[in-house]
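Morning, everyone. Please bring up the model on your screens, and we'll walk through it together.

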Amino acid sequence: MSAEKLQTWLWLVQRISASVLAVAVAVHLVTIIAAVQGGLTAAEIIARVGANGAWAAFYGVFVVAAAVHAPIGMRTVLQEIKPLPNFFVNALSALFGIGLLIMGLDAVNILYRLGSG
Amino acid sequence: MRLQYMRRDHPTWWAFAVHRLSGVGLALFLPVHFYVLALAIEGEVRLESFLVWSSQPWVKVAEAGLIFLLAAHLTGGVRLLALEFLPWRDWQKTLVAVSGGLSFGAGLLFLVNAY
Amino acid sequence: MQGTLSVSIWRGGEAGSFQPYEVPRRDNQTVLDVVTYVQRKLDGSLSYRFACRVGMCGSCAMMVNGRPRWTCRTHVSRVTSSGKLTIAPLRNLPVIKDLTVDMTDFFDKWAKAGGVFKPTATRADDFAAIRPTDQKHRYADAGIECIGCGICYAACDVVAWKPGYLGPAALNRAWTLVNDARDGNGAARLRAVAGDDGCLACHSQQGCQEHCPKHLNPTAAIAGLKRAVAVAALKGRL
């Protein structure tokens, strides 16, 4: 793929994941603000996500979108802070994305499984 | 260095600055967030003890700050999406102010509810 | 009128320093008047550019108190109340001497961005029929008045952070050509403005629009380019 194609697709994916996140974050904000009323407990979190396919799916999609969006953003910041070689910037960003994906999906999975008892 | 000095104080520049800072802040926070949630695997007690620790006032203020960053990044981002995908409108600057206001509101709402 | 201005002017090349000058304050004085006074009465070795001195050519663009402006159209009273002025060469371009900069990069990027019209008709053909109400024609019209003064380029932080970034003026010109129904270089031009050094690097800080003396809006033009480039990529035409 040519450099122009890659950059354009990265830009597009960034905007698309942004749209997904716009919805997910709005939901997340409302959820947190409501949940924090009267104090937040682990039991409450587990009760929401545990064994609940809908919430787990929601957070799963949320994680994937964030794991795509954040590294592309960080890549741009890295490029502008210091003139580093392209390969290095791309590799670092990709690693960051993979790390987020693994940690995020792991957390969702854990919370989901806890609900099954 | 002094030769390259430039005064920048128009609203849309601040919108960019907030968007970038909040983005970097959130990106750095995400791994921490996922790690904490995964603490649940060590048993509900482990996650619960973290949550108790986090009920300290300074932590709550820091969390409100994070909420602000999230809301700011969201509203700033939606403004950018509109700017890039919809035909140009000259009341962009008003949108910047509105975004800022909404973000601040979200942070405040969190703080109020946390108590 | 009363008093004097304390003026700090950059002297030297890339390496140099700000030198102080005292200039008598006058009514209706522009920054270009100030620079001219210094060169004629105080220090004949000062180098600077100007031509029309009436806000038409863009040659006199410099950094005045940290902002890029046409010095012939900048009244001193508008930029300082304390009588202090700092005048520096345009940002983001190599300094030749004192207040003159090398505009080569600026115009090279114009060409790199596909800012050249490629004709598709000959003199034997009829005129292209383009209605005044045509949307694309209006987009082109909105950006066509650019005279290449370099102020937007100086104002842009992305230009400062990414030396290869094509910049607002070049991209604005590319946009006017993308909207020119008579032009035949569409595909190549979109490829030229896609990529990390092209329109996609713009963060919509709008420093360009904020400072353009002709009130053009390169940010809007670049947003249009982003859409055009994205559509081309989706259609496999990039």
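Predicted model: local features only at pLDDT ≥ 70, side-chain atom pairs only at ≥ 80, totals over all residues.

Residues are numbered from 1 along each chain as its sequence is written, while chains are lettered from A and ligands numbered from 1 in the order in which they are written.

Start with chains A and B. Their contact takes 30 residues from chain A and 29 residues from chain B. Contact here means C-beta atoms, placed from the backbone, within 7 Å. Which elements of chain B give two or more residues to the side that touches chain A? They are α1 (11-38), α2 (44-53), α3 (57-85) and α4 (92-114) of chain B. Helices are DSSP runs of H or I, at least four residues, and strands are runs of E, at least two, numbered from the N terminus. α1(B) gives the most, 10 residues.

Now chain C. Here an open sheet of 5 strands runs in the order β2-β1-β5-β3-β4, with mixed pairing. Two strands pair if DSSP finds at least two bridges between them. The edge strands are β2 (16-24) and β4 (67-70) of chain C, each pairing on one side only.

Look inside the sheet. Strand β1 (residues 4-12) of chain C runs parallel to β5 (residues 84-88) of chain C, and 4 bridges join them. C:Val7 stands opposite C:Leu85 in β5(C).

That's the tour. Thanks.

Conventions. Contact = placed C-beta atoms within 7 Å.
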